[in-house]
Amino acid sequence: MALVWSRNFSRSDAVFIPARHRRAGSNGLPMKGSFVMSIFRIAALLLMTFLMSACSNLTPAANLTNRQWQLIEINGQPPVVTDQPLTIEFHATNQVSGFAGCNGYSGKYRLEGLTIAFSDMISTLIACADNAISAQEAAFHGALAATTGYELADGELRLLDGDGMVLLRFRAP
């Protein structure tokens, strides 16, 4: 066994390290290159950990925002055909907006994991010419109010009630 110390240790702090377990230069002290490589490996590991956690944090909200989702199903039924598709769009500023059949709407949303809550919803007040579209618009707003969760799967956004039932299904074009 060899006695090893460096500038950071005094003789009283000396550590015994068997020769087979230490890397040493010709002077018996650890090589500077191995220290630099150790620091590099630690930095690379920390960077990889940071990048992986940053990407995992982006997934739900990033996949939800900055795209216009078009309604493909309301309460298990296809929507009534209108001149303009029913839509919802989530903005990175926690604002939500869209078209409900006759009127535009907007409000706020809050995400926590796979739960979602809508609040402060407002709508324009244009009367629908068709009773079926008017009823659909009321059902659409009712479904938004009852939504407590969401799923993103197979290119679809599904808004769910407290029992996990699908209230609204959307697809991004």
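**Reading a predicted chain, one feature at a time**

Tutor: Let's start with a pair you can find in the picture: Lys108 and Asp120 form a salt bridge, with their closest N and O atoms 3.6 Å apart. Keep in mind that this is a predicted model.

Student: How should I read a pair like that, and where in the chain do Lys108 and Asp120 sit?

Tutor: The general idea is that side chains of opposite charge can pair when their charged atoms come close. In this case, the pair links distant parts of the chain, with Lys108 in strand β6 and Asp120 in strand β7, 12 residues apart. Lys108 is partly exposed at 39% relative accessibility, while Asp120 reaches 53% and is exposed, because the cut-off for that is over 50%.

Student: How many salt bridges are there?

Tutor: The count comes to 8. Another one pairs Glu112 with Arg110, where the closest N and O atoms are 3.8 Å apart, and both Glu112 and Arg110 are exposed.

Student: What about Arg158: buried or exposed?

Tutor: Arg158 is buried, with a relative accessible area of 14%. Its salt-bridge partner Glu151, 3.4 Å away by the closest N and O atoms, is partly exposed at 34%. Follow the shared partners and you get one network joining Glu73, Glu151, Asp154, Glu156, Arg158, Arg169 and Arg171.

Student: Let me zoom out. How many helices and strands does the chain have?

Tutor: You'll find 2 helices and 10 strands. Walking along the sequence, the pattern reads β-β-α-β-β-β-β-β-α-β-β-β. As for the surface, the chain exposes about 11400 Å², and carbon and sulfur atoms supply 60% of that.

Student: Which cysteines form a disulfide?

Tutor: In general, a disulfide is a covalent bond between the sulfur atoms of two cysteines. The structure holds 1, formed by Cys102 and Cys128, whose sulfur atoms are 1.9 Å apart. Cys102 lies in the loop between β5 and β6, and Cys128 in the loop between β7 and α2, so the pair ties together parts that are 26 residues apart in sequence.

Student: Why is this disulfide called right-handed?

Tutor: Look at the torsion about the S-S bond: for Cys102 and Cys128 it is about 135°, so the disulfide is right-handed. Both ends are tucked away, too. Cys102 is buried at 17% relative accessibility, and Cys128 is buried at 18%.

Student: How much of the chain is buried?

Tutor: Of its 173 residues, 25% count as buried. The largest nonpolar core has 22 residues, among which Ile88, Phe90, Phe140 and Leu168 touch the most other members. At least two residues of this core come from each of β3, β4, β6, β7, α2, β9 and β10.

Student: Which residues does Phe140 touch?

Tutor: Skip the neighbours within four places in sequence, and Phe140 is in contact with Leu71, Ile74, Leu86, Thr87, Ala100, Tyr105, Leu168 and Phe170.

Student: Thr87 is on that list. Where does Thr87 lie?

Tutor: Thr87 is in strand β4, residues 87–90. With 4% relative accessibility, Thr87 counts as buried, because the cut-off is under 20%. Again leaving out neighbours within four places, its contacts include Gln68, Trp69, Gln70 and Phe140.

Student: How do contacts across the whole chain look?

Tutor: Take the contacts between residues at least 6 apart in sequence: 41% of them join residues at least 24 apart.

How values were computed:
Residues are numbered from 1 along each chain as its sequence is written. This is a predicted model: local features need pLDDT of at least 70, side-chain atom pairs count only at pLDDT 80 or more; totals for chains, interfaces and linings use all residues. Side-chain values use heavy atoms; hydrogens and water are left out. Helices (H or I, at least four residues) and strands (E, at least two) are DSSP runs, numbered from the N terminus. Buried means under 20% relative accessible area, exposed over 50%, partly exposed in between (1.4 Å probe, protein chains only). Contact means heavy atoms within 4.5 Å. A disulfide is a pair of cysteine sulfur atoms within 2.5 Å. A nonpolar core is a set of buried Ala, Val, Leu, Ile, Met, Phe, Trp, Tyr and Cys residues joined through side-chain atoms within 4.5 Å. A salt bridge is a side-chain nitrogen of Lys or Arg within 4 Å of a carboxyl oxygen of Asp or Glu. Accessible areas come from the Shrake-Rupley method with a 1.4 Å probe; for residues, only the protein chains shown count as cover.
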